[in-house]
Amino acid sequence: GFFTCDMQKLRSAVLGMPWVADVSIRRIWPDRLNMRVVERLPLGRWGDDALVSTDAQVFQPRDLGEYANLVSLGGPAGSAPRVVAFFQAALPAARSRGLEISAIELDQRRHWWLHFAEGLTVSLGREARDARLSQFLRVYPQLVADPQRRPERVDMRYTHGFAVRWRDAQVEPAAVKNPQEKV
């Protein structure tokens, strides 16, 4: 009933729902409850079966559904605030270079990895992450200047430079002709 309803228990039950970020409940005389629910806003996927919100809270809905195509973020337990903060800082800088981040990972050794939609992976290491990202974004236009050569992986962990692994040159099957073939 109106007077016997355990408001704290009700609030805890509502907060236990995956999509609920916050809830406030109050009694309205003579016989109503007013509930204000704040929904979590998903920023990206966390691991294989969870989402992470814009305020770095990891939650697990029953179905990822339409959110399965969000950026993939990941890291050790308790690292969501660091990963989300880095993603939010790196996103505008990457977009300014025409790069779309598809994943950011902080591995168990605290090594940062950036994956871009074009198939490019960048290793930033454990230290000086922001400086290394800035250096990568500064040299990126030169790395893609030649349309015949595309970087596959860039390792920014070196003190005075970086290493690049280039994609294999693609040979188009239609371009290779059989010398026995009559024209």
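Reader: How many helices and strands does the secondary structure of the chain come to?

Author: The secondary structure comes to 3 helices and 11 strands, where helices are DSSP runs of H or I with at least four residues and strands are runs of E with at least two, numbered from the N terminus. This is a predicted model, in which local features need pLDDT of at least 70, side-chain atom pairs count only at pLDDT 80 or more, and totals for chains, interfaces and linings use all residues. Residues are numbered from 1 along each chain as its sequence is written, and side-chain values use heavy atoms, with hydrogens and water left out.

Reader: Why are α2 and α3 called roughly parallel to each other?

Author: Helix α2 (residues 80-96) and helix α3 (residues 129-143) pack at an angle of about 15 degrees, and angles under 35 degrees count as roughly parallel; α2 and α3 are therefore roughly parallel to each other. Their axes, lines fitted to C-alpha atoms over the stretch in contact, lie 11 Å apart.

Reader: Which residues make the contact of α2 with α3?

Author: Phe86, Ala90, Ala93 and Ala94 of α2 meet Arg129, Asp130, Leu133 and Leu137 of α3, contact meaning heavy atoms within 4.5 Å.

Methods
Axes fitted to C-alpha atoms, helices over the stretch in contact; angles between N-to-C directions. Parallel < 35°, antiparallel > 145°, perpendicular 65-115°, else oblique.
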